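Please have the model open as you read.

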There are 2 protein chains.
Amino acid sequence: MTAARFASAAMVVIGNELLSGQTREGNSHVVAEALFARGCRLIEVAIVPDDHATIVDTLTRLRAKADAVITSGGIGPTHDDITMEAVAAALGVPLLTHEATLALMRNHYGEDQLNEGRRRMARLPRGATPVVCPKSIAPGAAIDGVFVLAGVPAIFRSQLERILPRFGGAAIYRHAIEFHGFESRFFRQLEQIQHDFPTVEIGSYPKLCEGNPWGKIVLTSRDQQALKQASQAVEEMLRALASPTR
Amino acid sequence: MTAARFASAAMVVIGNELLSGQTREGNSHVVAEALFARGCRLIEVAIVPDDHATIVDTLTRLRAKADAVITSGGIGPTHDDITMEAVAAALGVPLLTHEATLALMRNHYGEDQLNEGRRRMARLPRGATPVVCPKSIAPGAAIDGVFVLAGVPAIFRSQLERILPRFGGAAIYRHAIEFHGFESRFFRQLEQIQHDFPTVEIGSYPKLCEGNPWGKIVLTSRDQQALKQASQAVEEMLRALASPTR
């Protein structure tokens, strides 16, 4: 892959079924894990309904904030599958039959089975490259930093694998340190450590409610040395809190 | 509850840990199910980082689109807990110690254990009502249609229970019909049924990839009679497709 890689991305998850609680959304977590592992920052995830104007507005807003935008859902043949149209509209290009894709479908299904519904799935925004995966003949689409993938998890993951090489940045390192007790015991010292190590992102995540408090302090950085030093400072802080002299 | 209920809502889920794939987000699905059951439309979910400007911008954007906004995460005592400040900024009010909440904490912890970290959690945007639940002494906040809840799932759910009576609309009915085979076989007829029943939202959700296709057609409406008629039309469509004459 000679093209420059995308160092930041946003995601648009499309589907009324997710906002009505009928389906639990899981593709965004797959993206979050995969992009982090490649050193690409995921800056926002938006879950939106099957509404043309909302999809267009969300794509436009997030394209201005991130190097790339990945969408999930709404690329099937039915009337509620409107993502390809919305992406084309957001990019100001027409939605056209992609002849090479149509030829693949004709070869796969045979002319007699190549019905109108399948022909619909051969339409891509003008200038898009199809995202083809082993799980589906109907492709996703890649165009101008927008990657249009399926919503069905198995197909989404398979298509995502194909585009991941386009994403990445300097390696991001992460170290998690467990703590017991309340965050309120150390929040001020932790704030000081965050201040002392500005290149390290320090988060504190309580895991249970007040009944039996514990949690994790997670340190994240592209600077491995700073991460190590900050982690040592956090460990010393927690040791001091646990020591009998306190 | 005499106040009018919120018929639409949006959600802002706050936390770097979600965008880095370290934690799988689940609170939005709890909200989606709970609001649907009450007849309240969830119009968008935004997952955003622990960034003041992003939280303020997202709150402002979504308050303009929905009757109410529910936030999740970032209300603990540590430096990365910035949601209350961001909500106060978005609403143009100061963040002040809520004396009644401080008194509850003093009573719960005792003066000697009421450290600065806990005092921080007694700060609410001016004019906010605390959202108190059995799982946490530290409250959420309700102000001007913004509901600021914890990120820890057990506390989030407990706080959500307390505010749910504020949300609701006319009952929404849903009916799911399983289909086997490819959507491409019926997408045109289904589009016609959608056209014939404009008050019914019809979605088609393939469940597996092309290898062994099946799925569900889900019909949703506040009009129970139209839902019933549209469902019958879908069932007849699927029967006709399955019949040997086809």
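**Rings, core and cysteines**

Phe6(A), Phe147(A) and Phe167(A) are joined into a cluster by ring pairs. Keep in mind that this is a predicted model. Over all chains, the count comes to eight aromatic pairs. In one of them, Phe147(A) and Phe167(A) have ring centres 5.2 Å apart and planes at 55°, so the pair is tilted. Phe147(A) belongs to strand β8 of chain A, while Phe167(A) sits in the loop between α7 and β9, so the pair ties together parts that are 20 residues apart in sequence. Phe147(A) is buried at 2% relative accessibility, and Phe167(A) is buried at 0%.

Now turn to chain B. Phe6(B) and Phe167(B) make a tilted aromatic pair, 5.5 Å centre to centre with 50° between the planes. Phe6(B) lies in the segment before β1 and Phe167(B) in the loop between α7 and β9 of chain B, so this pair ties together parts 161 residues apart in sequence. Phe6(B) is buried, with a relative accessible area of 14%.

Ile70(B) touches residues including Val12(B), Phe147(B), Leu160(B) and Phe167(B).

Some rings meet charges too. The charged end of Arg118(B) sits over the ring of Phe182(A), 4.4 Å from its centre, and Arg174(B) lies over the face of Phe36(B), at 4.0 Å from the ring centre.

And the cysteines? Cys40(A) is buried at 2% relative accessible area and Cys133(A) is buried at 6%, while the structure holds zero disulfides over all chains.

Methods: Residues are numbered from 1 along each chain as its sequence is written. Chains are lettered from A and ligands numbered from 1 in the order in which they are written. This is a predicted model: local features need pLDDT of at least 70, side-chain atom pairs count only at pLDDT 80 or more; totals for chains, interfaces and linings use all residues. Side-chain values use heavy atoms; hydrogens and water are left out. A disulfide is a pair of cysteine sulfur atoms within 2.5 Å. Buried means under 20% relative accessible area, exposed over 50%, partly exposed in between (1.4 Å probe, protein chains only). Contact means heavy atoms within 4.5 Å. Rings of Phe, Tyr and Trp (its six-membered ring) pair if their centres lie within 6.5 Å; planes under 30 degrees apart count as stacked, over 60 as edge-to-face and the rest as tilted. Helices (H or I, at least four residues) and strands (E, at least two) are DSSP runs, numbered from the N terminus. A charge sits over a ring if NZ of Lys or CZ of Arg is within 6 Å of the ring centre and within 35 degrees of the ring normal. Lists of a residue's contacts leave out its neighbours within four places in sequence.
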